[in-house]
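Hello,

Here is the structure I promised to pass on to you. Please have a look at it first, and then read on for what I found in it.

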Amino acid sequence: MMLFEELLYAIVGVGLFSLGLRGALLRRSLLGRVLAINICGAGVFLLLIAIAYRGPGLAPDALPHALVLTGIVVAVSATALALALGRRLRETDDE
Amino acid sequence: MMATTLWMMLDVLLALLCLALGWAAVSSHDLRRSVVFFIAFGLLLAIVWARLGAPDLALAEAAIGAGLSGALLLAALRDEPGGTLDDDVSRGPLATAVSLLVVVLGTVFAWVVWQTIDVADPVRMADRISGELSGSGVSNPVTAVLLNFRAYDTLLELAVLLAAVLGILALGPARTPYQPAGPLFDGLMRWLVPLLMLTAGYLLWAGAHAPGGAFQAGAMLAAAGVILRLGGDTNSGLPRPGMVRRVLVSGIAAFLLVGLSTMITGRDFLEYPDGWAGTLILLIETAAMLAIAATLVLAYVGGRPDGWREGPGDLDIAGDGGPR
């Protein structure tokens, strides 16, 4: 049987991924693009967690939860590295 | 039946809000607004995680996804040149074409998800995890997956974090520190920083049986560092450079030491001996928490903090020699 919540949040995840993809392609500044890619990632996380959901009262699948927890931390470190690279690039351009 | 309808309404409301805030964050022409929308989006996402039965993620998202990412983006806003701040989204025929393409792609993805979501069978994996849980040393399934069943993945994740922070340190000096805070913020800091450290310790300990763990605890400690930096502390609560370097590798070091010890005693890499799993997991998590906290603080600082030049073995990769 198809769970309403599972499908709803999975589709929202796809929607967020698409929004992020559009932003990453159309934004002008590096900061805007990094932000958009973060939204992309959030969409993927939402898809994974929607699939892990098994209905009210049931323990959800812990494996995707662990994956996404890892993903959140990796995403923030990648964001920080991208922003540091961007700052360095700008300083190099200014010199 | 009534309760089911109410839950459905809540779900639809959350879903629409998610999409609306995501849209606002990505499509606002004003970059400053985008960042604020992004922080709000992260907080909303934390509620969605809680709704979908993932409290571990809700904690991590609120602390890292919304909190630290938001702080990072806000700090980076200061560096943006004025021109792009107000008009940051491309327009014109090409932009319309890109939008159309993304809509088509999204529709295809959504159709694929619709068709396959029932085919995937996550139940068997979930049942295996709950079946093996009693021997894992912890009773929180997420912690069990992260530090026992798939500990290898977490070890490599710490390596990714280390690579990222080494990149940040190599790219150049930190942003200029903030002015020392006024008496009001100073007083707030004296309350917040010890409270955050206490919360970090609690989350680390609770991670064995309840939502929490090294990542959430590390994020709490990092938040204390960010607050200290905002309050004008030039070290952001970090110890001496030499010590920070050791802390940065401590997570991986603890993992490897435990892994090698289990190998020496005739088991597989990171295959904990019976009865020792809980202790070893707590040991690894403590080191990982400190490493994650130091990594996130340095990520916020955005480069080598003041006084790191004198350290032995500090390469002048940036090639800029002296102070600027």
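**Domains and overall build of chain B**

The C-alpha centres of domain 1 and domain 2 of chain B lie 20 Å apart. Please keep in mind that this is a predicted model. The domain assignment places domain 1 at 1–80, domain 2 at 90–124 and domain 3 at 140–309 of chain B.

Chain B is built from 12 helices and 0 strands, and its C-alpha trace spans about 60 × 60 × 40 Å along the principal axes. Of its 324 residues, 40% count as buried. If you take the contacts in chain B between residues at least 6 apart in sequence, 73% of them join residues at least 24 apart.

**Where chain B meets chain A**

On this side, 77 residues of chain B are in contact with 63 residues of chain A. Several helices of chain B give two or more residues to it, among them α1 (2–27), α2 (31–51), α5 (93–116) and α12 (277–301). The most comes from α3(B), with 12 residues. Sorted by class, the side of chain B that touches chain A holds 50 nonpolar, 17 polar and 10 charged residues.

Helix α2 of chain A (residues 30–52) packs against α3(B) at an angle of about 170 degrees, and the axes are 11 Å apart. Because angles over 145 degrees count as roughly antiparallel, α2(A) is roughly antiparallel to α3(B). From α2(A), the contact uses Leu31(A), Leu35(A), Asn38(A) and Ile49(A), while α3(B) brings Leu57(B), Ser69(B), Leu73(B), Ala76(B) and Leu77(B). By class, the residues of this contact are 7 nonpolar, 2 polar and no charged.

Most residues other than glycine have a negative phi. Which way does Ser236(B) go, positive or negative? Its phi is positive, at about 55 degrees, although Ser236(B) is not a glycine. You will find Ser236(B) in the loop between α10 (214–230) and α11 (241–264) of chain B. Since 20 or more C-beta atoms within 10 Å make a residue buried, Ser236(B), with 22 others in that range, is buried.

Leu270(B) also has a positive phi, near 65 degrees. Leu270(B) sits in the loop between α11 and α12 of chain B, and with 22 C-beta neighbours inside 10 Å it counts as buried.

Let me know what you think once you have had a look.

Best wishes

Conventions: Residues numbered from 1 in each chain as written. Chains lettered and ligands numbered in written order. Predicted model: local features only at pLDDT ≥ 70, side-chain atom pairs only at ≥ 80, totals over all residues. Helix = DSSP H or I, 4+ residues; strand = E, 2+ residues; numbered from the N terminus. Buried ≥ 20, exposed ≤ 12 C-beta atoms within 10 Å, placed from the backbone. Contact = placed C-beta atoms within 7 Å. Domains from an automatic or database assignment. Nonpolar A, V, L, I, M, F, W, Y, C, P; charged D, E, K, R; others polar. Axes fitted to C-alpha atoms, helices over the stretch in contact; angles between N-to-C directions. Parallel < 35°, antiparallel > 145°, perpendicular 65-115°, else oblique.
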